[in-house]
Amino acid sequence: AITNSNNCIIDSCIFQNNYKSVTLSGDTELCTGNVIKNNKITNGNVGIALNSSNGGSCHDNIIENNFFGKSPTAMIFDSSNSKRNKKNTIRKNVIACNIDQLSGLSATGVSISMDSVYIENNIFWRNGIAVNFMSNKLAFTVNNTFYDNTVCFSNFPVAINIPINRNVFMKADNVCTFKRNNQVYFSENNFFRYKMTQPLLINDSNSDISMIYNYWDCDSDAEIAEMIYDKNDDGQLGEIIYRPALEDYSTTAPISPPTNVVKQEVDGGVLVSWNANPESDAAFYRLHYHNFNYYEFENAIDSLHDTTFFLPDANIDDNFAVTCADKNYHEGGQKDGHESAYSLAEAMPYAGKDNTLCYWEEFYDIEDACQHLRSHQDTHGKSRIRCGRLHLAHFHTLDGCKGTSKYLRIHL
């Protein structure tokens, strides 16, 4: 424990199986200027505790570039009776409490009941609750990636004045539930629909909530409405106001992880494939493989511009992941949003090559396809089909589609 101390540094240590790995405390006096960086903190109860009491205070402490894993709580910031805390910063950490190891929502990334906390450029991955706002005021949550968490934010009823800007939200069961309008501001965030199974944002209050100037990963109001639950679903609730919205992905937010990353056993090796990233500043991909520990891979293949890669003699049981890099990528850019979080490959069977679709033709006629495709219409009422790796194809149905002459003509 570091109590009433200033300018201490804890650097490049490994903490395992501790009840509390590190405690910073302002008890009657000041605790300031301390830096905890480049550590690996796993398998304990609480990774880092920052607290003030008895008139003491904590300010300008930095928790940076650490890995937190397999703990019920990675960090807890608590202020019993002090109102003098300011600008304690959590930045460039990987916070992965690992919901596979802990049940339900018991795995919490950061729990905050202290004013003036800055949460910047972190990766929150596989937490039950990524950030639990308690009785705090003014917590800046900026440029983070929230990927594959059950709940991103909890306990908004008591926290106030929370700017949440330029973040990426993907594969969450719930981003947050609003209990009242308490000055929580979302703007310039990218909300992805990928693997969405229920509304991401819920207004459980009778007040309107403003969520303007965010990107919703879709074109129509009907699709955005699927992502929220408000007065349009229950007349006793307030509305979530999402217009005006961003017309394209915010490139000031971190680049997003690639979707549908698949590994397949082919000809004694492994074929890895993924979907192309949608952001305009996406530059190339990196394929990571082999040993995966503390959110680091042993090997990486750089500067991939295709969305498939074959590794001869690789083992399908090995770890594979893909990241996307933006135009400002640099080594170590994953912590500042210029390289995405890892998207781990999921094993899939390989059905064999479909060479027919690989030949370049002006068009294909697919028989008996009209009725099936009509059940898969886009928001403009047009039937769509996506075959193999055809990109930006223009699809046209022929008029008629009656009798024995049912077919679909696809112009490539």
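Student: In this predicted model, what classes of residue make up the lining of the largest cavity?

Tutor: The lining of the largest cavity has eight polar, four nonpolar and three charged residues. There are 15 lining residues, and those nearest the centre are Ile123, Thr145, Pro254, Gln334 and Gly337. The volume of this cavity is about 50 Å³, and a search of the whole structure finds one cavity of 30 Å³ or more.

Student: Why is the pair of phenylalanine 133 and phenylalanine 153 called stacked?

Tutor: A search of the whole structure finds 25 aromatic pairs. For phenylalanine 133 and phenylalanine 153, the ring centres are 5.8 Å apart and the planes stand at 25°. Rings pair if their centres lie within 6.5 Å, and planes under 30 degrees apart count as stacked, so the two values place this pair in the stacked class.

Student: Which parts of the chain does that pair tie together?

Tutor: Phenylalanine 133 belongs to strand E18 (residues 129–133) and phenylalanine 153 to strand E21 (residues 151–154), so the pair ties together parts that are 20 residues apart in sequence. Phenylalanine 133 and phenylalanine 153 are buried.

Student: What makes the pair of phenylalanine 178 and phenylalanine 186 edge-to-face?

Tutor: The angle between the planes is 80°, with 6.1 Å from centre to centre. Because planes over 60 degrees apart count as edge-to-face, and centres within 6.5 Å make a pair, phenylalanine 178 and phenylalanine 186 form an edge-to-face pair. Both of these residues are buried, and both belong to one aromatic cluster, whose members also include Phe133, Phe153, Trp216 and Tyr242.

Student: Why is strand E32 described as largely enclosed by the rest of the structure?

Tutor: Five of the five residues of E32 (residues 269–273) are buried, so the strand is largely enclosed. Gly269, Leu271 and Ser273 point one way from E32, while Val270 and Val272 point the other way.

Student: Which strands does E32 pair with?

Tutor: E32 pairs in the antiparallel sense with strand E31 (residues 262–266) over five bridges, and in the antiparallel sense with strand E35 (residues 308–311) over four bridges. Leucine 271 is the bridge partner of glutamine 264 and stands opposite phenylalanine 310 in E35.

Note on methods: Residues numbered from 1 in each chain as written. Predicted model: local features only at pLDDT ≥ 70, side-chain atom pairs only at ≥ 80, totals over all residues. Heavy atoms only, no water. 1 Å grid on protein atoms, 1.4 Å probe; cavity = no way out; pocket = protein on both sides within 12 Å on 5 of 7 lines; lining within 4 Å. Points joined across faces, edges and corners; volume = space filled by probe spheres on them. Nonpolar A, V, L, I, M, F, W, Y, C, P; charged D, E, K, R; others polar. Phe/Tyr/Trp six-rings, centres within 6.5 Å; stacked < 30°, edge-to-face > 60°. Helix = DSSP H or I, 4+ residues; strand = E, 2+ residues; numbered from the N terminus. Buried < 20%, exposed > 50% of the residue type's maximum accessible area, 1.4 Å probe, protein only. Pairing = 2+ DSSP bridges.
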